[in-house]
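The sequence and structure are shown first.

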Amino acid sequence: MAKPKQGLLFDEGEHAPQLFIENNHVHVKKSTFLAGVSASVHRWFRLTPSFGPDLVRKMLADMETEDGHTVLDPFSGAGTTVIESKMEGIRSIGFEINPLLHFVCETSTRWDLLPTELEDAYRRIGERFQAERIRLAGKDVEVIGIPLPTIHNVFRWWRKDVLQDMLILREAIHSECPDGPMRAFFRLSLAGVLVPDLTNVTLGRLQLHFIDRSGHEIDVWRSFDAHTRRMLDDIAAIPADKRTVLSRVLWIDSTTDDVLKVEGKVDRVITSPPYPNRYSYVWNTRPHLFLLNLFQNAKQASDLDLRTIGGTWGTATSVLIKGVRAPEYPVIEREVVPVAEQIRKDDNLMANYLVHYFNRLARQIVSQNRILAPKARCAYVVGCSELKGVYVETDVLLAKVFEGLGIGFKVDRIERIRRRHSGKDLHESIVYASKR
């Protein structure tokens, strides 16, 4: 694909959109998850590939979002868009296919909990945890009467002593918090410190990697207590007028008719779909999914990865490596397949993955179109990638998909906000599009 000159209009044919690409550097501490590490509520759960709340505020402002608008994030992740919209007093909706991330989003936007009741519950949780820990001291985790997580090779993921304390803590939360929202609050706190504090993994650039933590000092309660105290401080500090701002997070696949569960119309879309780089949200959230009993077997994990836009692990790999994935829309045939065929010379899996990725992304745009208000505006944060030595200009391809679907979108501009890791062309960009 010929690369457009930045700052200039370009047109590659009769059916191609004219696009304006501009550079507007946004510092990594504002554009990525790093901005959320210390931000109220956003810090409750760390999801490394998330964008930052500062970037959400920028996109809200760039698209002239107003009171009365409804903002949608069809790939909610850890809930950055929904949380920040609520902070700004704007109604919001999130879609999320991963049950762990749906739980994170839903819990992070429940601000109607009473701080005094949370404090009282937290005291009881601590007392029960310490009492049970003393009662079960000296027993092996396999005989304490609490079923182990059904994740494969469980003791590769956790040291036995650490796992025992986590299971005791999880059960203490369940015993002392029969109420759903309150129980979810403390379960989220446990999930928030699971990786990397308590699990035998380190966070790599794209995936979790197993490490030997046999000699590390790991204190489950100390980690949980520090994180819970931050969460309690945050919930107590939320202004009263923000607590009642409407937000809703649905556990659905945003590429399907499930989007019609939304009541009313959406005025703004702010999202960051998975990048075409083989990052698996399912793999990276696997310890959380199993410890919180959201998954009971490996098939659930592999089946979910197969359904996601970016999934290429487990069953998804065995499916995508076979044959040639067909484009589902003419614009995919025209714009994406030529890039995929370059990749196919060296790797059939990744060629099929690229077509699969843009098929799903196009499906999502088509499905979403049915709930958009007239003159709705969209901002998609995407990253350019390199697959098997072939440059994938994701922002330009997405822009062409938006207009090439023929459902009434006009791409306003592409704003390249930072360079990704290494490689001069690996940009991270915002693609702005609007309904005509």
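The model is predicted; local features require pLDDT of at least 70, side-chain atom pairs count only at pLDDT 80 or more, and totals for chains, interfaces and linings use all residues. Residues are numbered from 1 along each chain as its sequence is written, and side-chain values use heavy atoms, with hydrogens and water left out.

**Cavity and pocket**

On a 1 Å grid over the protein atoms alone, a cavity is a set of points where a 1.4 Å probe fits but cannot get out, whereas a pocket is an open set with protein on both sides within 12 Å along at least five of seven lines; lining residues have an atom within 4 Å of a point. Points are joined across faces, edges and corners, and the volume is the space filled by probe spheres set on them. Helices (DSSP H or I, at least four residues) and strands (E, at least two) are numbered from the N terminus.

The model has one cavity of 30 Å³ or more. The volume of the largest cavity is about 380 Å³. Its lining comprises 33 residues, and Phe75, Gly77, Glu96, Pro274 and Tyr281 lie nearest the centre. At least two lining residues come from each of β4 (91-96), α11 (281-284) and α13 (298-307). In composition, the lining of the largest cavity has 16 nonpolar, 12 polar and five charged residues; here Ala, Val, Leu, Ile, Met, Phe, Trp, Tyr, Cys and Pro count as nonpolar, Asp, Glu, Lys and Arg as charged, and the others, Gly among them, as polar.

The second largest pocket holds about 380 Å³ of space. Of the 22 residues that line this pocket, Val37, Arg43, Phe45, Arg46 and Gly192 lie nearest its centre. The helices α3 (80-87), α8 (180-198) and α9 (220-237) each supply at least two lining residues, and α8 gives the most, with five. The pocket lining divides into 12 nonpolar, six polar and four charged residues.

**Helix packing**

Two packed helices are described by the angle between their axes and the distance between the axes. Axes are lines fitted to C-alpha atoms, for helices over the stretch in contact, and angles run from 0 to 180 degrees between N-to-C directions.

| Helix pair | Axis angle | Axis distance |
|---|---|---|
| α4 (99-108) and α8 | roughly 120 degrees | within 10 Å |
| α15 (330-344) and α16 (348-369) | about 160 degrees | 7 Å |
| α7 (160-176) and α9 | roughly 45 degrees | within 9 Å |

Angles under 35 degrees count as roughly parallel, over 145 as roughly antiparallel, 65 to 115 as roughly perpendicular and the rest as oblique. A crossing is left-handed if the near helix is turned anticlockwise from the far one by less than a right angle, and right-handed if clockwise. Contact means heavy atoms within 4.5 Å.

The axes of α4 and α8 cross at roughly 120 degrees, so α4 is oblique to α8. Their crossing is left-handed. Phe103, Val104, Thr107 and Ser108 of α4 meet Ala184, Phe185, Arg187 and Leu188 of α8; these residues comprise five nonpolar, two polar and one charged.

Helices α15 and α16 are roughly antiparallel to each other, and their crossing is right-handed. Contact residues include Ile332, Val336 and Val339 of α15 and Leu354, Val355 and Phe358 of α16.

The axes of α7 and α9 cross at roughly 45 degrees, so α7 is oblique to α9. Val162, Asp165, Met166, Leu169 and Ile173 of α7 touch Val220, Trp221 and Phe224 of α9. This contact comprises seven nonpolar residues, no polar residues and one charged residue.
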